[in-house]
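Dear colleague,

I am handing over the structure we discussed, with the sequence alongside. Please look through it first, and then read the notes that follow.

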Amino acid sequence: MKLGAARFVAGETLKEAIEQVRLLNKEGLVVTLDHLGEFVFDEAEARASTQACLDVLDAIHESGVVSNLSLKMTSLGLDLSKELCLKHMHLILDKARQYDNFVRIDMEDYAHLDVTMEIFDELKREYGKHVGLVIQAYLYRTVDDMKRLENEYETMNLRLVKGAYMESPKVAFPNKAEVDTNYLKIIDMHLQSGHFAAVATHDDNAINHTKQFVKQHNIPNEQFEFQMLYGVRPETQRELVKEGYAMRVYVPYGNDWYGYFSRRIAERPANAFFIIKNMFRK
Ligand code: FDA
């Protein structure tokens with residue numbers, strides 16, 4: 001597992017991760033760094049994850065690489081208490097604002113959606129353009145959530161994804177075709193709202209749809225970017241840069257790679273072959 005994960009994780013240390021960011025930047029790719037971790041139930045561990053996020057922001061500032069930060073609030077103690085998580089988020093966002101950087105709150109499983117929205121609203125009012133959220137196309141409620149966010153705030157930088165967790169058909173479209181259709185719908189909706197859209201997908205159909213839509217509606221390239229995961233479709237990432245699009249790579253690093261890597265296998269079982277291939281590599 002660990003050998004396979006190496007393809008999707010930029011190293012165990014921050015130093016290694018910053019080196020990878022530097023290499024990606026050289027090729028015209030921008031980055032969002034993620035210190036791996038989620039579902040933390042221990043206060044000391046949540047404090048350590050918070051410190052790791054602060055270290056990432058310091059390292060980005062000091063090294064001068066082009067990157068912002070992505071994080072999962074369950075790594076900051078969300079399951080221990082909302083207050084603890086908020087306290088940690090304030091520390092992180094104070095620093096992001098000081099450096100004029102940006103923090104993206106990843107969206108986790110449905111059980112955490114309401115509390116994530118509550119915390120996001122509180123932080124958004126205080127930190128404005130320095131904080132953004134992720135919206136998942138597989139949820140029935142997503143269009144309503146987006147409408148509210150787009151209308152309520154002056155700027156609403158959203159990362160649009162299909163959704164990566166196993167959810168009940170009570171809350172999420174059970175068929176991939178329906179998710180794909182809703183994904184295109186929310187891309188159009190958010191681009192047309194005038195807010196910034198991060199179209200995070202490896203799906204050629206969604207990428208081509210976005211290219212056509214922005215052309216048809218005269219949406220400038222500054223109003224959106226494509227995002228992909230580190231290690232996934234690296235050639236396509238570079239082609240998009242050559243075509244003149246902003247391309248941000250999500251670069252995870254650290255030891256806690258198991259959950260992240262398991263989701264990549266669930267999305268594409270062929271990724272498991274990389275493990276086997278690496279296991280037998282001399
Ligand atoms: P889809 O799964 O339809 O795949 C389309 C094609 O892309 C596949 O046929 C394959 O060729 C290629 N592909 C897709 N996944 C691959 C993989 N893992 N390895 C190799 N090839 C692959 N989810 C979430 O719930 N909360 C979040 O906060 C985020 N954050 C996030 C950030 C970024 C930058 C990205 C790119 C994705 C996320 N996701 C996420 C994950 C997202 O919800 C979704 O699970 C994956 O992106 C896979 O869906 P696609 O849109 O790529 O399409």
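In strand E8, Met 247, Val 249, Val 251 and Tyr 253 point one way, while Arg 248, Tyr 250 and Pro 252 point the other way, and all of them are buried. Please keep in mind that this is a predicted model. Strand E8, which covers residues 247-253, is largely enclosed by the rest of the structure, because seven of its seven residues are buried, that is, each has 20 or more other C-beta atoms within 10 Å of its own.

As for the neighbours of this strand, E1 (residues 30-35) pairs with E8 in the parallel sense over six bridges, and Thr 32 stands opposite Tyr 250 of E8. Strand E7 (residues 224-229) also runs parallel to E8 and is joined to it by four bridges, with Phe 226 standing opposite Met 247. Between E7 and E8 the chain passes through helix H9 (residues 234-242), in a β-α-β crossover that is right-handed.

Turning to the ligand, 22 residues surround it, and the closest are Asp 106, Val 161, Ala 164, Thr 201 and His 202. The elements that contribute two or more residues to this shell are strand E4 (131-136), E7 and helix H10 (258-267), and the largest share, three residues, comes from E7. Sorted by class, the shell holds ten nonpolar, six polar and six charged residues.

With best regards

Methods:
Residues are numbered from 1 along each chain as its sequence is written. This is a predicted model: local features need pLDDT of at least 70, side-chain atom pairs count only at pLDDT 80 or more; totals for chains, interfaces and linings use all residues. A residue is buried if 20 or more other C-beta atoms lie within 10 Å of its own, exposed if 12 or fewer, and partly exposed in between; C-beta atoms are placed from the backbone. Two strands pair if DSSP finds at least two bridges between them. A crossover is right-handed if, with the strands pointing away from the viewer, the path from the first strand over the helix to the second runs clockwise. A residue is near a molecule or strand if its C-beta atom, placed from the backbone, lies within 6 Å of it. Ala, Val, Leu, Ile, Met, Phe, Trp, Tyr, Cys and Pro count as nonpolar, Asp, Glu, Lys and Arg as charged, and the others, Gly among them, as polar.
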